[in-house]
Amino acid sequence: MDGKKLLWEQIEGRVAAILSAPAAGEGEHFLQMLEWTHCFILCGDSFCGFETVNLRNHIARQSSKFFDAFHRQNMEAMRAIIDKELWQSLPIDSDAVTPLGKAMQ
């Protein structure tokens, strides 16, 4: 194995461990961390002379976790807001409403 590749893989492993820390993926810090990591990966590509994938794959997994949690939190917040709203039923004339099947055609 090439010395540069071996060195880069060790660096990738250490950076991935740091990025796995809970604080690395919090709020607006996550986007900054993504930007810095992207720059770091480009430096690694230049250093090795080829596209490195381990850190990219790690960032893809971390991003997926972050956005899943972000989506879940926002859905919970939206659900709480909607549940607190006062809803009032409105009378609807059934003849005035187009049946859903007909409207979909």
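1. Basis. The model is predicted, so local features need pLDDT of at least 70 and side-chain atom pairs count only at pLDDT 80 or more, while totals for chains, interfaces and linings use all residues. Residues are numbered from 1 along each chain as its sequence is written, and side-chain values use heavy atoms, with hydrogens and water left out.

2. Overall make-up. The chain has 4 helices and 0 strands, in the order α-α-α-α from the N terminus. Helices (H or I, at least four residues) and strands (E, at least two) are DSSP runs, numbered from the N terminus.

3. Burial and surface. Of the 105 residues in the chain, 19% are buried (under 20% relative accessible area, 1.4 Å probe, protein chains only).

4. Contacts along the sequence. Taking contacts between residues at least 6 apart in sequence, 67% join residues at least 24 apart. Contact means heavy atoms within 4.5 Å.

5. α1 and α3. Helix α1 (residues 3-19) packs on helix α3 (residues 54-84) at about 15°, the axes being 9 Å apart. Axes are lines fitted to C-alpha atoms, for helices over the stretch in contact, and angles run from 0 to 180 degrees between N-to-C directions. The two helices are therefore roughly parallel (under 35 degrees). From α1 the contact takes Glu9, Glu12, Val15, Ala16 and Leu19, and from α3 Asn54, Leu55, His58, Ile59 and Gln62. These residues divide into 5 nonpolar, 3 polar and 2 charged. Ala, Val, Leu, Ile, Met, Phe, Trp, Tyr, Cys and Pro count as nonpolar, Asp, Glu, Lys and Arg as charged, and the others, Gly among them, as polar.

6. α2 and α3. The axes of helix α2 (residues 27-48) and α3 come within 11 Å and cross at roughly 170°, which makes the pair roughly antiparallel (over 145 degrees). Residues in this contact include Phe30, Met33 and Phe40 of α2, along with Phe66 and Phe67 of α3. By class, the contact has 10 nonpolar, 4 polar and 2 charged residues.

7. Threonine 52. This residue sits in the loop between α2 and α3. Threonine 52 counts as buried because its relative accessibility is 5%. Apart from neighbours within four places in sequence, threonine 52 contacts Trp8, Glu12, Ile41, Gly44 and Asp45.

How values were computed: Buried means under 20% relative accessible area, exposed over 50%, partly exposed in between (1.4 Å probe, protein chains only). Angles under 35 degrees count as roughly parallel, over 145 as roughly antiparallel, 65 to 115 as roughly perpendicular and the rest as oblique.
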